[in-house]
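Try each task yourself before you read its solution.

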Amino acid sequence: MKRIALLGSTGSIGTSTLDVVEQHPESFSVVALAAGTNVEVLAEQVKKFRPQLVSVGTEEAAFALRGLLGSEAKPEIAVGAEGLEQVARHPEANFVMTAVVGSVGVAPTLAAIEEGKTIGLANKETLVSAGPVVMKAAKEKGVQIIPVDSEHSAIFQCLQGERREDVSKVIITASGGSFRHLTRDELANVTLEQALAHPNWNMGAKITIDSATMMNKGLEVIEAHWLFDLPYKQIDTILHYESIIHSMVEFKDSAVMAQLGTPDMRVPIQYALSYPTRMPLQTEPLNLVKLGTLHFAVMDFERYPLLQLAYECGKAGGTYTAVLNAANEVAVDLFLKGSIGFLAIEQIVRKICDAHKGIANPTLEEIFAADQWARSQARAFVNNG
Ligand SMILES: NC(=O)C1=CN([C@@H]2O[C@H](COP(=O)(O)OP(=O)(O)OC[C@H]3O[C@@H](n4cnc5c(N)ncnc54)[C@H](OP(=O)(O)O)[C@@H]3O)[C@@H](O)[C@H]2O)C=CC1
Ligand SMILES: CC(=O)[C@@H](O)[C@H](O)COP(=O)(O)O
Ligand SMILES: [Mn+2]
């Protein structure tokens, strides 16, 4: 039985995870849930899955949750960063699904690793921000980090039974995001509503914007570097408009393995939970005949400069990727709030990365300090025009 602690239960990955759990009550149960402030959805989840512990972002959310639950369910309720960590450390959990958004995922992921829990990693910002620290901790504790991000799950699946030394490269596919048909000039006046309309996936707001700027692929390249212990020269990206091929691995004999499927995150979520076995899943099966044709194009680094920047930061290493991530989190948040235009996201992130004086082999404290520095720089950039 997988006894799951789920971080980010009210989000896109969180609700899909609970859908998978519901399909297999004999194999999966929920012992603890963590969310931010969406207490309406959380209350329904608590009533249905009966976790022992629940964490919310604020005291107000905790008060509202108690009111919504009434006498129907009375889980222990924790709050804030401490609450997230408590959920990650829950003594009865043997699997922690990290599906919060942002580098707020670093601390609870490290806490779960410290407790020896298997990690299902959806939260890509964790490895982008603190990859060396997290991977070292997982190695020392013998903890398995199973990728949930669709591309990394695809690569992970393609690597089963293969020897790492036989891999010549991985090829991460990119849909191109909401504005893939626009030129850079045409990006100047795009709206938030347009940016949030991903062509293939229904996801949370932040990752949908990251997909439109191609930062999502940049974060995924860095995530792949840490998950699969590959140098950046062995990590390629390619445009693939339908998101049917979730990623590929090329081996030294030129054989290419790919994992395909209709775009449904429940597949990689369930694979992480059932690994190394597979289980049935109610989802739309892939029909290649109906699809007819799949389309590909070479990645355009001039069109998508944030992907170029992500490779640069990844290769520079140290604190550069934490800064890249934190500046991007703030810039995307400002765009979501309507404070800046779409193209300002990449301008802000580039300026802050250029201004950063990196620290090689950083400690966790140095990573957190770099993250905070980048956030304050990004906010100041906007305040000062
Ligand atoms: N959506 C997808 O298909 C994919 C997502 N990912 C990655 O998975 C992660 C989650 O993405 P997604 O589900 O789309 O995001 P959503 O925005 O849909 O959900 C985010 C979740 O995190 C919670 N949360 C946010 N901040 C905090 C906080 N400070 N403390 C506690 N909980 C918090 C939210 O709570 P609340 O809403 O209650 O405030 C919500 O439950 C991201 O890192 C993303 O890049 C990777 C691949 C695919
Ligand atoms: C579902 C998933 O894993 C997302 O990261 C998705 O890949 C976003 O799509 P693009 O970044 O390719 O637009
Ligand atoms: Mn992805």
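**Exercise 1. Is Glu220 buried or exposed, and what does it touch?**

Step 1. Glu220 is buried, since 28 other C-beta atoms lie within 10 Å. The rule is that 20 or more other C-beta atoms within 10 Å of a residue's own make it buried, 12 or fewer make it exposed, and anything in between is partly exposed, with C-beta atoms placed from the backbone.

Step 2. Before going on, note that this is a predicted model, in which local features need pLDDT of at least 70, side-chain atom pairs count only at pLDDT 80 or more, and totals for chains, interfaces and linings use all residues. Residues are numbered from 1 along each chain as its sequence is written, while chains are lettered from A and ligands numbered from 1 in the order in which they are written.

Step 3. Find Glu220 in helix 10. Helices (H or I, at least four residues) and strands (E, at least two) are DSSP runs numbered from the N terminus.

Step 4. Leaving out residues up to four places away in sequence, Glu220 touches Lys124, Asp149, Glu151 and Ile172. Contact here means C-beta atoms, placed from the backbone, within 7 Å.

**Exercise 2. Which residues does UniProt list for "binding site", and where do they sit?**

Step 1. The unreviewed UniProt entry lists Asp149, Glu151 and Glu220. Its positions follow the numbering used here, feature names are shortened, and annotations may be inferred rather than shown by experiment.

Step 2. These residues span 72 residues in sequence, yet no two of their C-alpha atoms are more than 8.3 Å apart, so they gather at one spot.

Step 3. Now look at Glu151, which lies in helix 7. Glu151 is buried, with 28 other C-beta atoms within 10 Å. Not counting residues up to four places away in sequence, its contacts are Ile172, Thr173, Glu220, His246 and Ser247.

**Exercise 3. What surrounds ligand 2?**

Step 1. The residues around ligand 2 include Asp149, Ser150, Glu151, Trp201, Lys217 and Met265. A residue counts as near if its C-beta atom, placed from the backbone, lies within 6 Å of the molecule.

Step 2. Helix 7 (150–158), helix 9 and helix 10 (215–228) each give two or more residues to this shell.

Step 3. By class, the shell of ligand 2 has four nonpolar, five polar and three charged residues. Ala, Val, Leu, Ile, Met, Phe, Trp, Tyr, Cys and Pro count as nonpolar, Asp, Glu, Lys and Arg as charged, and the others, Gly among them, as polar.

**Exercise 4. How many residues make up the largest nonpolar core, and where does it lie?**

Step 1. This core has 104 residues, and Leu7 and Ala327 have the most contacts inside it. A nonpolar core is a set of buried Ala, Val, Leu, Ile, Met, Phe, Trp, Tyr and Cys residues joined through C-beta atoms within 7 Å.

Step 2. Helix 14 (residues 320–336) provides the largest share of the core, 10 residues.

Step 3. Both domain 1 and domain 2 give residues to this core, so it lies between them.

Conventions
Domains from an automatic or database assignment. Contact = placed C-beta atoms within 7 Å.
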